[in-house]
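Please read it with the model open.

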Amino acid sequence: MSPQVAGASGTSAGTAAGTPTTRRDPDRRAAICAAVFELLGEVGYDRMTMDAVATRARASKATIYRTWQDKPGLVADSLIHHFDQITEPVDTGSLRGDLMALTGSSCELANSADGEVMAGVMSAAARNSALARTLRECTYEQKHALHETVIKRAVERGDVHPRTSPHLLHEVLQALVLARRLVNSEPLDEQFARHVVDDVLLPVLTHDVGGTR
């Protein structure tokens, strides 16, 4: 979660280098980012080239290389653009219901074309620290508000201790879904979601925090 492709000119990579252009022409940036995501799904990170992105987006190579210095920076910006919409988690009225909805959404994403892209980029990110930082932003920092909301609701209902950490929910849920997706290759279905919620998340989140409950 990479071999770098040399750019044309410029001294900074990724989004920083692309800021002036993207501000002038957000539609062009969106088209390029969409082309990147399509190609990641079709050929994977290692086989995707910046020239192929230019062709797919009907943009000049000069535009691509002037805005993004290298492939990791281009992919990082495209991931941020693709996953920039975070929806409010559904309020089911119970901690178990909220966790089932959250886990179901995570499994649905992992099973989707987006999940396939993310799995491939994760492999490349192990070889590129900038890409790894972007993946953390997309998979953790941008989604942390979801887990904060679920835990806040549970605290207000009295379902969990006020000191229960949203980080714990995210770490455990992500670890289980990723392991299932990348290692076990077993179904990410409703049965798995129930197992995660009933056998892992609920016991972990409702345990006696610090022995004070």
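Buried means under 20% relative accessible area, exposed over 50%, and partly exposed in between, with a 1.4 Å probe and protein chains only. Gly 44, at 22% relative accessibility, therefore counts as partly exposed. This is a predicted model, in which local features need pLDDT of at least 70, side-chain atom pairs count only at pLDDT 80 or more, and totals for chains, interfaces and linings use all residues. Residues are numbered from 1 along each chain as its sequence is written, and side-chain values use heavy atoms, with hydrogens and water left out.

**Gly 44**
- Gly 44 lies in the loop between helix H2 (26-43) and helix H3 (50-57); helices are DSSP runs of H or I, at least four residues, numbered from the N terminus.
- Its C-alpha atom is 9.8 Å from that of Met 118, a residue 74 residues apart from Gly 44 along the chain.

**H9 and H10**
- The axes of H9 (residues 144-157) and H10 (residues 166-184) come within 8 Å and cross at roughly 120°; axes are lines fitted to C-alpha atoms over the stretch in contact, and angles run from 0 to 180 degrees between N-to-C directions.
- H9 and H10 are therefore oblique to each other (angles under 35 degrees count as roughly parallel, over 145 as roughly antiparallel, 65 to 115 as roughly perpendicular and the rest as oblique).

**H7 and H10**
- H7 (residues 113-125) packs against H10 at about 80°, with the axes 12 Å apart.
- That angle makes H7 roughly perpendicular to H10.
- Gly 115, Glu 116, Ala 119 and Met 122 of H7 contact (heavy atoms within 4.5 Å) Leu 178, Arg 181 and Leu 182 of H10.

Note on methods:
Helices (H or I, at least four residues) and strands (E, at least two) are DSSP runs, numbered from the N terminus.
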